[in-house]
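Take a first look at the structure shown here. The report goes through it part by part.

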Amino acid sequence: MTSNDNDKRDPSADKPTILPGQLHVIATPIGNLGDISRRACELLCEVDTVLCEDTRSSQTLIRHIGSQRPLVALHEHNERAQVPQLIARLQDGAQLALISDAGTPLISDPGYRLVAAAHAAGIRVSPVPGPSATMAALSAAGLATDRFCFEGFLPAKAAARRAQLADLAAETRTLVFFEAPHRVAESLADMREAFGSERPAVLARELTKTFETVINTDLAQLCERVSSDSNQRRGEIVLVVAGAPVQEGAAALSAARKLYDALAAELPPSRAAKLAAKIHGVSRRELYQGERAEGS
Ligand code: SAM
């Protein structure tokens, strides 16, 4: 083939071959229906059945793209029970598409059990990538993206949320959280407490929609902005928070390990680790990892 032939090749023709009995995991828009991909539309018009969280909300998308394919509900309450019959259908050669209400299935959305069972049964699982609130927020946040941790939703109860944030205080990778509008002010206040007022942070709200807002500032300013402007407590929200400065994280971990060694001489190891981690704002997991690395 000459380089000229290469230029003429249709890049959209370069796609995986569809085998009988395949599960297609398809990303759908997070607000703007114009973000659906051509390949997602083709598959959603061709498959035997579309599995979705809520048939009524997915109907809008399915109608919008002109698909006539039947929708079947697959959500956290019925997934376990549905998996055996869906696997049997795939083994009989059916083409099934899995979508969620919005964005990429399985990312804080149902589908994990089905995908894991499909692999266990030797069924081909093929992704159709596209919108994802996590990636959209990270791409517009202006914080480091070379390494990041996706933390999903924080616990709703204040004590559990604060404990989780304390565990993340020395994390040096950028942190990504989903948050509900009615809890965003509380969560931001807890983050300011755990990570410090000056930690850079971004509120990414209503991405791809009319009231899209991306605010890049620090935790103190973000708390102020969200508590004084009720519009910032509406809609769908992703919070992106810079990781702890590398030096600070390493120094805190080293101090926590020293304290742990001293405390462990007097206290049970779990109590010593809990106290040392809390005092220096590091995670118990990191402390234990240090123990294992030194012991090995
Ligand atoms: N699987 C989805 C994805 O890949 O985007 C995420 C599903 S999770 C149940 C829903 C959460 O994603 C919302 O509560 C919000 O935190 C975030 N989200 C979804 N759409 C968003 C948008 N348009 N703008 C900002 N955040 C969004």
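## The largest pocket

This is a predicted model. Its largest pocket has a volume of about 490 Å³. The lining consists of 25 residues. Nearest the centre of this pocket lie Ala102, Ala133, Phe153, Phe178 and Glu236.

Which elements each supply at least two residues of this lining? They are α6 (133-141), β7 (174-179) and β10 (237-241). Two domains take part as well: domain 1 (14-131) and domain 2 (134-241) each give at least three residues to the lining of the largest pocket. By class, the lining residues are twelve nonpolar, six polar and seven charged.

## The second largest pocket

The second largest pocket has a volume of about 320 Å³. It is lined by 13 residues. Arg162, Ala163, Ala166, Asp167 and Lys278 are the closest to its centre. The lining of the second largest pocket holds six nonpolar residues, one polar residue and six charged residues.

Helices α7 (158-168), α8 (184-195) and α11 (269-280) each supply at least two residues of this lining. Helix α7 gives the most, with four residues. Here domain 2 (134-241) and domain 3 (249-295) each contribute at least three residues to the lining.

## Strand β1

Is strand β1 (residues 22-26) largely enclosed or open? Five of its five residues are buried, so the rest of the structure largely encloses β1. In a regular strand, side chains alternate between the two faces of the sheet. In β1, both faces are covered. Gln22, His24 and Ile26 are buried on one side. Leu23 and Val25 are buried on the other.

β1 has two strand partners to follow here. With β4 (residues 95-98), β1 runs parallel and is joined by four bridges. With β5 (residues 124-128), β1 also pairs in the parallel sense, over five bridges.

## Salt bridges

How many salt bridges does the structure hold? There are eight. One of them joins the side chains of Arg173 and Glu171, at 2.8 Å from N to O. Arg173 has 28% relative accessibility and counts as partly exposed. Glu171 has 9% and counts as buried. Another salt bridge links Glu179 and Arg183, with the closest N and O atoms 3.7 Å apart. Both Glu179 and Arg183 are buried.

The side chains of Glu236 and Lys209 also meet in a salt bridge, at 3.0 Å from N to O. Glu236 sits in the loop between α9 (219-228) and β10, and Lys209 in the loop between β8 (200-205) and β9 (213-218), so the pair ties together parts that are 27 residues apart in sequence. Lys209 is partly exposed, with a relative accessible area of 25%.

## Two residues with positive phi

Leu106 has a phi near 75°, a positive value in a residue other than glycine. Leu106 lies in the loop between β4 and α5 (112-120). Its relative accessible area is 28%, so Leu106 counts as partly exposed.

Thr208 is a second case. Its phi is positive, about 70°, although Thr208 is not a glycine. Where is Thr208 placed? Thr208 is in the loop between β8 and β9. That loop also holds Lys209, the salt-bridge partner of Glu236. Thr208 is partly exposed, with a relative accessible area of 25%.

## A glycine in a helix

Gly249 is found in helix α10 (residues 246-264). Is Gly249 buried or exposed? At 7% relative accessibility, Gly249 counts as buried, since the cut-off for buried is under 20%. Gly249 and Ala40 are 209 residues apart along the chain. Their C-alpha atoms are separated by 42 Å.

Notes:
Residues are numbered from 1 along each chain as its sequence is written. This is a predicted model: local features need pLDDT of at least 70, side-chain atom pairs count only at pLDDT 80 or more; totals for chains, interfaces and linings use all residues. Side-chain values use heavy atoms; hydrogens and water are left out. On a 1 Å grid over the protein atoms alone, a cavity is a set of points where a 1.4 Å probe fits but cannot get out, and a pocket is an open set with protein on both sides within 12 Å along at least five of seven lines; lining residues have an atom within 4 Å of a point. Grid points are joined across faces, edges and corners, and a volume is the space filled by probe spheres set on the points. Ala, Val, Leu, Ile, Met, Phe, Trp, Tyr, Cys and Pro count as nonpolar, Asp, Glu, Lys and Arg as charged, and the others, Gly among them, as polar. Domain bounds come from an automatic or database domain assignment. Buried means under 20% relative accessible area, exposed over 50%, partly exposed in between (1.4 Å probe, protein chains only). Two strands pair if DSSP finds at least two bridges between them. A salt bridge is a side-chain nitrogen of Lys or Arg within 4 Å of a carboxyl oxygen of Asp or Glu.
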